[in-house]
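Hi,

Here is the structure I said I'd pass on. Have a look at it first, and my notes on what turned up follow below.

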Amino acid sequence: MSESPQNEPDEFDEIVGAETDRDPDLAVIEAGSRTLRTQAGPPQGDGVPARPADPELDRALREVETELAGRWPETKLDPSLVRVEALMDILGSPQRAYPSIHITGTNGKTSAARMIESLLGAFELRTGRYTSPHVQSITERISLDGAPISAERFIETYQDIKPYIDMVDASQEHRLSFFEVLTAMAYAAFADAPVDIAVVEVGMGGVWDATNVIDAGVAVIMPISLDHTDRLGTTPEQIATEKSGIVKQDSTVVLAQQPVEAASVVLKRAVEVDATVAREGMEFGVLSREVAVGGQLLTLRGLGGEYPEVFLPLYGAHQAHNAAVALAAVEAFFGVGSEHARTLDIETVRTAFASVTSPGRLEVVRRSPTVVLDAAHNPAGARAAAEAVTEAFGFSRLIGVVGASGDKDVRGLLEAFEPIFAEVVITRNSTQRAMDADELAAIAVEVFGADRVQVEPRLDDALEAAITLAEEESEYSGAGVLVTGSVITVGEARLLLGKG
C-alpha cells in the first residue's frame, strides 16, 4: 500500500512491516515483487492478442487448442472436484503458492477481475488473472502483470503439465475437461511466474467449479440473477447457494448488491465459516457518478473512507458498481477496514482505474457510424447494457446485431433491448452452441414486430446490413450499431471489424 496524504513517510514503512508480520499471505509486499514487476514492464494494448505472426508458433498453438477442444466443453459439467484435485495434488498444489481473490456472480465478473488486477498492479504487486470465456484468443484467459501470457508460454505451460494430465485421465472415470485443464494451466503458470496474488474468476457457479481448489482470503460475489438455471438452480436462493461455496473459513466476503433472497444465503454461509462480510450499500458503495468524456467520474466509498474524482474509462452504472466492489476487494486484501482505518493512496487508486480496459464491454470499435460491442448474454446484462448505451451515447437511432447461444433466455435478452433498438439484425456466431438464426428471428419477430427484424445468418453480412441501416439516416444523424448477445459473437465481430 501507499501512504495516504495525512501520513508521514515513516508511517508507511511501519504499515508495510505490520502487514508483513500480520499475515504470511501478505509477504507479497516484499521487494522481490517490485523487481519482478519492473522487469515485466507495463501491460500493453487492450489485452486481446492477435494470432501469432510466426506460422510455426501459430501451428503449435492451434495443436494445443485442438487437443483442449477434444475434451469435455465448458458447457458440460460433472459436479465434482475429484479430477482437478487429483491433478493439483500431482502437480504439487501450485494454487497454494500465492494468496488469491476469488470472484463469482452472474454478471460483471470479468470487468471486476480486470479492475482488481489493475489496482493490485498499481500497488506494485505481481498479478495473475484467470478469467473466462475469452473474447478472441484462448491466451486471454491467463494473464500475468495485466497482459495475456504469450502464445509461447501458453504452449510451454500445457506441455509441462501434459504428462500429469495424462496420468489423471488414465486414473479417472472421465477425462479432465477443457476448463479443468485450463484452470490447472493457470495455477501452474502463476506459481511458475511467480505471482504475488492471483485474481480468479469462477467458470460457473462456485461449489463444484474447477477453480474452487483455491483457499481464497477474499471472496467476491457479484450480482446474482437467473442464468445457467439448468445447472445452478431456478431461483436466486439456489444459485446463491452454489455460488457462496467459494466463501472459505475466516475469509472476507465482498458482496455486491443482491436480491434479498440471494444475500441472505450468502450471509448464512458467512456465519457458518466465520467470514467477515462487506456489503455494497452498507460498508462500501458508489457515492456519486457523472458521465464524462470516454467514461465516467466517480466518488467511491471504500472500507477505509472516500475516494473522490476517480475516472473510469468504461460506460454504465453497472461498471461504477463493479469499480466499488473491486476497490473493496483490494482494500480487504490489504486489511483496510478491519486492521486499518485508512484509505489506500488516492492517486494510486485513480491511476489504476484510469488504466482499466474491458474488451467487449460497451467497447467502441468504429466511428461513422459508431459501432459498439457488448457481451451481454442474459436479461440482467442486457438491461444494464441498454441503460448504459442510452446514458453514454444518446444515439438518435440504434440498430442491434444479435447472435445468442441456444441455452440462454433469449426472449428476456431481446425484451431488454427492444426499447432502444429501432431495428434488429438477427445472426449467429460460428460455434455449435449458437442459436439458429431463423429460430432466434422467430422470437425477435414476436418481441419487435416483423417490420423491425432482419435476418442475416452470416455475421459479416449482419454487420454490413446494420451499418447500412445506420447510415441511411445520413452521415450526421447520430445513428449507431450495438453488437451483442454472446461473448463469442462479440469476439468474432471484433475480428471482422479489424480489432484482432
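**What turned up**

Of the 500 residues of the chain, 57% count as buried. Keep in mind that this is a predicted model. The secondary structure comes to 17 helices and 17 strands. If you look at contacts in the chain with a separation of 6 or more, 73% of them are between residues 24 or more positions apart.

In what order do the strands of the open sheet come? The order is E12-E13-E17-E14-E15-E16, with 6 strands and mixed pairing. Strand E12 (361-366) and strand E16 (453-455) are at the edges, and each has a single partner strand, so one side of each has no neighbour in the sheet. From one strand to the next, the twist averages 25 degrees.

Further in, strand E14 (residues 397-402) and strand E17 (residues 479-484) run parallel and are joined by 6 bridges. To find your place there, look for leucine 398, which stands opposite glycine 480 in E17.

Two helices to look at against this sheet are H16 and H17. Helix H16 (residues 459-471) lies across E12, strand E13 (370-374), E14, strand E15 (423-426), E16 and E17, and runs at about 175 degrees to E14. Helix H17 (residues 487-496) also packs on the sheet, where it touches E12, E13 and E17, and its direction makes about 125 degrees with that of E17.

Next, the helix pairs. Two packed helices are described by the angle between their axes and the distance between the axes.

Take helix H13 (residues 379-393) and helix H14 (residues 410-417): they pack at an angle of about 10 degrees, and their axes are 8 Å apart. That angle makes H13 roughly parallel to H14. The crossing of H13 and H14 is right-handed. On the H13 side you'll find Pro379, Ala382, Arg383, Ala385 and Ala386, and these meet Gly412, Leu413, Ala416 and Phe417 in H14. Sorted by type, the residues of the contact of H13 with H14 are 7 nonpolar, 1 polar and 1 charged.

H14 also packs with helix H15 (residues 437-448): their axes come within 10 Å and cross at roughly 40 degrees. So H14 is oblique to H15. The crossing of H14 and H15 is right-handed. From H14, the contact takes in Val410, Arg411, Leu414, Glu415 and Phe417, while H15 brings Leu440, Ile443, Ala444, Glu446, Val447 and Phe448. The residues of the contact of H14 with H15 come out as 8 nonpolar, no polar and 3 charged.

Is leucine 440 buried or exposed? Its relative accessibility is 0%, so leucine 440 counts as buried. And what does leucine 440 touch, not counting residues up to four places away in sequence? The list is Val402, Gly403, Ala404, Val410, Leu414, Ile426, Thr427 and Met435. If you want a distance to check on screen, the C-alpha atoms of leucine 440 and arginine 428 are separated by 8.8 Å, and the two residues are 12 residues apart along the chain.

That's what I have for now.

Cheers

Methods: Residues are numbered from 1 along each chain as its sequence is written. This is a predicted model: local features need pLDDT of at least 70, side-chain atom pairs count only at pLDDT 80 or more; totals for chains, interfaces and linings use all residues. Side-chain values use heavy atoms; hydrogens and water are left out. Axes are lines fitted to C-alpha atoms, for helices over the stretch in contact, and angles run from 0 to 180 degrees between N-to-C directions. Helices (H or I, at least four residues) and strands (E, at least two) are DSSP runs, numbered from the N terminus. Angles under 35 degrees count as roughly parallel, over 145 as roughly antiparallel, 65 to 115 as roughly perpendicular and the rest as oblique. A crossing is left-handed if the near helix is turned anticlockwise from the far one by less than a right angle, and right-handed if clockwise. Contact means heavy atoms within 4.5 Å. Ala, Val, Leu, Ile, Met, Phe, Trp, Tyr, Cys and Pro count as nonpolar, Asp, Glu, Lys and Arg as charged, and the others, Gly among them, as polar. Two strands pair if DSSP finds at least two bridges between them. Buried means under 20% relative accessible area, exposed over 50%, partly exposed in between (1.4 Å probe, protein chains only).
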